[in-house]
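Subject: Handover of a structure and findings

Dear colleague,

Please find below the structure that I am handing over to you. I would be grateful if you could read it alongside the notes that accompany it.

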Amino acid sequence: MVGMTPIRPTAALLPVTVALAALALGACATEMRDEMPGRAQSAPPAAAQSGGLKTLRQIQAEENGHPAPAPQPPPAPPQKLSDASQAPGQPPPVRRRGSSSPPPPPIDQPATPALPAPGSTQGLTDRAKRDLMSPEVDRLRSEDAMGRLDPLQQRDLLRKQQDLRQYGPGPLGY
C-alpha cells in the first residue's frame, strides 16, 4: 500500500452515498394493499401520507444549504362527465370501497342468439343397452323353456328380464 491513500468520504462522494441510501430505502418500501377487504383498516403512517421518501433533488438541496423545492403533486386524472346533472366544476363522487359498495354497472355486451336445448340421449342409450342384452336374454329364455337352466341361471334370467323391462319396450313391443 505504498503510495496509495485510503479512500475517505469526501464531499464528492457524499451525494452518491445519499442517493444509494435513498434507493435502498425505496427498495425496502412495501406496497400497501387491503389484506382483508370489508374490514376497517388503520390509517397509513404519516410518512406514507406526505409522500414518504424525499427525492434526490430535495436531499441534495438540503445538504447544499439551498431551500428544498416544493414537491409537485401528481397530475390529476382526467375527469369524465358521465352524468348531465353534474356541474363541470364539481369533482365526480368518490365511490366507496368495501363490502357495502354497490356492484359495478353491467357491461353492455351484444346478445348471443339463443340456442335450442340439446336433445336427450337417454332414449338412444336405453336402446343400445337393450340391443346388447336382448340376445343373451333370448338364449336364456330358450334354455329355460327346454328345462336346461339350474336355479342360479334362472335367477340371472329373471334379473336380466327385469333390466330389459327397465330400458323400455323393444322393437317388437315387449
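The notes below begin with the whole chain and then turn to individual helices.

This is a predicted model, in which local features need pLDDT of at least 70 and side-chain atom pairs count only at pLDDT 80 or more, while totals for chains, interfaces and linings use all residues. Residues are numbered from 1 along each chain as its sequence is written, and side-chain values use heavy atoms, with hydrogens and water left out.

The whole chain

The protein chain has five helices and zero strands, so its elements read α-α-α-α-α from the N terminus on (helices, H or I, of at least four residues and strands, E, of at least two are DSSP runs, numbered from the N terminus). Of its 174 residues, 10% are buried (buried means under 20% relative accessible area, exposed over 50%, and partly exposed in between, with a 1.4 Å probe and protein chains only). The accessible surface comes to about 15,700 Å², and carbon and sulfur atoms account for 60% of it (areas come from the Shrake-Rupley method with a 1.4 Å probe; for residues, only the protein chains shown count as cover). Among contacts with a separation of 6 or more, 44% join residues 24 or more positions apart (contact means heavy atoms within 4.5 Å).

The largest nonpolar core

Seven residues form the largest nonpolar core: Met133, Val137, Leu140, Leu149, Leu157, Leu164 and Tyr167 (such a core is a set of buried Ala, Val, Leu, Ile, Met, Phe, Trp, Tyr and Cys residues joined through side-chain atoms within 4.5 Å). Helix H4 (122–145) and helix H5 (151–166) each supply at least two residues of this core, and H4 gives the most, with three.

Helix H4

The end C-alpha atoms of H4 are 33 Å apart, which agrees with the 34 Å that its 24 residues should span at 1.5 Å a residue (the expected span is 1.5 Å times one less than the number of residues). H4 has a kink of about 35 degrees at Met133, shortly before the proline Pro135 (the bend at a residue is the angle between axes fitted to the seven residues ending there and the seven starting there). Leaving aside neighbours within four places in sequence, Met133 is in contact with Lys160, Asp163, Leu164 and Tyr167. The buried residues of H4 are Asp126, Arg130, Met133, Val137 and Leu140, and their cover includes H5. After H4 comes Gly147, with a positive phi near 80 degrees.

Gln161 is in helix H5 and counts as buried because its relative accessibility is 15%. Not counting residues up to four places away in sequence, Gln161 touches Val137 and Arg141.

Gln58 lies in helix H3 (residues 56–64) and, at 14% relative accessibility, counts as buried. A polar atom of the Gln58 side chain lies 3.0 Å from the backbone nitrogen of Thr55. Gln60 is also in helix H3, but at 30% relative accessibility it counts as partly exposed. Between Gln60 and Pro15 the C-alpha to C-alpha distance is 6.6 Å, although they are 45 residues apart in sequence.

Yours sincerely

Definitions and conventions
Polar contact = N/O pair within 3.5 Å; in protein donor to acceptor, adjacent residues only side chain to side chain.
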